[in-house]
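The entries follow the order in which I looked things up.

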Amino acid sequence: MALNLAHQIGTLAGTQIPTEFTTGEQPSSAAVTLSAVWKAPAANLRCSTTPETVTPPLLTPPMTPRSAGNRSPFMSPMLRPDLSAACQAFATLAPLETDEEAAAAAWKEGGRKEEKKGVPVYVMMPLDSVTNGNTVNRKKAMNASLHALKSAGVEGIMIDVWWGLVEREAPGSYNWGGYAELLEMAKKHSLKVQAVMSFHQCGGNVGDSCTISLPGWVREEIDKDPNLAYTDQWGRRNYEYVSLGCDNIPVLKGRTSVQCYADFMRAFRYNFKHLLGDTIVEIQVGMGPAGELRYPSYPEENGTWKFPGIGAFQCYDKYMLSSLKAAAEAAGKPEWGSTGPTDAGHYNNWPEDTSFFKKEGGGWNSPYGEFFLSWYSQMLIEHGERILSSAASIFEGAGVKISVKVAGIHWHYGTRSHPPELTAGYYNTRFRDGYLPIAQMLARHGAVFNFTCIEMRDHEQPQDALCAPEKLVRQVALATGAAQVPLAGENALPRYDDYAHEQILQASSLNIDGSSDDREMCAFTYLRMNPSLFQPDNWRRFVAFVKKMNEGKDAHRCWEQLEREAEHFVHVTQPFIREAAVALMH
């Protein structure tokens with residue numbers, strides 16, 4: 001679960017650490033905090049564009065770390081001798097390599113200099129890493145945490161770039177302030193970045209611990225026309241994401257929602273072109289609630305939905321109904337176009353409670369059901385196609401991957417009708433593969449298929465709900481293999497135990513039916529940086545997990561050996577973790 005950075009690394013303790021000084025400054029006799037390391041960029045990072053011309057005016061690039069010549073050799077006399085090497089690492093960009101640090105470097109590199117193998121591990125940053133004031137949240141804690149992650153061999157981090165923060169004030173007016181600083185921090189620590197274009201609201205989904213609404217001017221338009229919001233059959237509006245039913249209609253101050261997303265991405269490329277392909281290596285394009293390509297069919301907000309309910313169809317705004325009506329008429333069945341299924345139950349029903357989803361004689365397997373589910377799922381795929389077309393064009397030649405996140409909806413997977421997947425827009429049943437069409441759509445644009453619930457095992461889930469995350473991951477692996485699309489993974493819920501790590505290792509190896517040749521997941525993103533991750537036992541297990549992922553599927557070293565090596569490594573780098581707490585507490 002994401003936590004406010006004010007609570008990050010809260011279980012750790014330590015002493016103050018020194019930092020570098022700007023030219024002309026003199027060190028005091030006492031230890032100093034990390035505040036001098038990261039200062040707000042001097043440039044004005046606001047930019048405004050008109051809807052017709054979206055290229056922002058030229059901005060001064062954010063501050064970059066100073067050269068080695070400006071580093072200070074100062075070490076505080078207050079520091080214990082055994083912490084001197086660790087503090088030197090914090091005080092400089094390239095630490096002096098003591099014997100212990102050489103051991104840490106050997107751990108990170110695996111003692112090899114050959115071409116990189118295995119599955120790179122990224123770590124999700126807290127959802128509120130950038131504040132409402134467009135600054136980095138708790139910069140000292142963030143800087144120290146990034147240092148710790150890098151020391152463990154993590155490849156990079158994932159950052160949500162919120163539409164509701166950057167373009168909050170007015171259409172075409174972008175404030176990148178906090179993100180410019182955060183990205184430069186990642187660059188300083190040699191961490192790669194997966195940047196998520198988060199066009200959804202934060203709040204109301206699993207793991208959401210803060211609220212970041214859509215831009216105010218977008219909410220104003222939704223207030224004027226509530227049909228811009230997804231709507232269920234009972235008239236409940238969902239404000240997490242603009243309804244895809246109006247993708248092609250200029251309902252947002254003269255622009256379509258897809259044009260707004262494209263303008264945002266174009267402005268992002270312009271402002272961070274100096275980091276693309278080097279620090280920023282992936283753009284994950286948000287396409288729905290929680291950033292996933294799906295409908296908001298299982299909203300937790302206000303207790304509307306609870307696991308393992310089947311969810312509800314979201315096709316009752318006037319724009320979606322207009323499309324349904326046209327599709328029904330084109331199919332020669334105009335009577336099918338007035339509404340969605342009215343016998344599909346409520347959010348928290350089970351399949352056999354409903355006429356539409358029940359096993360025997362359910363409407364899902366009727367001609368009407370096949371028509372409706374085909375239309376509903378195709379609307380989602382076309383939505384993804386429109387946004388991906390823009391993203392691929394905007395970032396062409398930038399040296400970054402484009403990815404799309406698909407939800408791991410594993411409950412009731414063992415039923416014939418797979419109701420929760422159907423209401424979310426994935427036409428996946430016992431008789432139909434709903435993930436192959438999505439994979440084929442991503443293949444047309446060279447995008448990565450990012451999938452969740454990689455850490456879960458079937459027997460850990462409620463069996464009365466016929467949960468089957470392992471079988472679901474296997475199906476997605478087969479679909480992406482058939483479509484020749486790279487597959488990346490995430491854990492759906494925070495886990496720190498070896499049992500979950502082992503499952504991630506197994507799933508990421510893509511050993512389907514005992515053989516997958518040399519295919520592996522192209523990346524794994526770990527959810528999420530929080531205090532529990534830095535607890536000693538969890539941190540030791542995490543370090544070993546990252547090492548094993550980096551070594552790849554052909555590694556034959558035993559888990560226990562890696563645990564022992566990780567324990568030594570954690571002991572060596574313990575000062576880094578301890579000192580991180582100082583930045584948080586002061």
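**Entry 1: strand pairing**

I looked up Tyr 230 and found that its bridge partner in β7 is Asn 238. Strand β6 (residues 229–231) and strand β7 (residues 237–242) are antiparallel and joined by three bridges. I took two strands as paired if DSSP finds at least two bridges between them. Helices (H or I, at least four residues) and strands (E, at least two) are DSSP runs, numbered from the N terminus. Five residues lie between the strands of this hairpin, in which Gly 235 takes a positive phi near 85 degrees.

**Entry 2: basis of the values**

I note that this is a predicted model, in which local features need pLDDT of at least 70 and side-chain atom pairs count only at pLDDT 80 or more, whereas totals for chains, interfaces and linings use all residues. Residues are numbered from 1 along each chain as its sequence is written, and side-chain values use heavy atoms, with hydrogens and water left out.

**Entry 3: the barrel**

I traced a closed barrel of eight strands with parallel pairing, in the order β2-β3-β5-β8-β9-β10-β11-β12. On average, neighbouring strands of this sheet are turned by 30 degrees against each other, direction ignored. Val 404 has Phe 449 as its bridge partner in β10. Helix α11 (residues 436–444) packs on the sheet and touches β9 and β10, its direction making about 140 degrees with that of β10. Contact means heavy atoms within 4.5 Å.

**Entry 4: a helix pair**

How do helix α8 (residues 318–330) and helix α9 (residues 367–394) cross? I found that their axes come within 11 Å and cross at roughly 130 degrees. Axes are lines fitted to C-alpha atoms, for helices over the stretch in contact, and angles run from 0 to 180 degrees between N-to-C directions. The two helices are therefore oblique to each other; angles under 35 degrees count as roughly parallel, over 145 as roughly antiparallel, 65 to 115 as roughly perpendicular and the rest as oblique. From α8, the contact is made by Met 320, Ser 323, Leu 324, Ala 327 and Ala 328, and from α9 by Phe 371, Phe 372, Trp 375 and Met 379.

**Entry 5: totals**

I recorded 15 helices and 12 strands for the protein. Of its 586 residues, 59% count as buried, meaning under 20% relative accessible area (1.4 Å probe, protein chains only).

Key: Buried means under 20% relative accessible area, exposed over 50%, partly exposed in between (1.4 Å probe, protein chains only).
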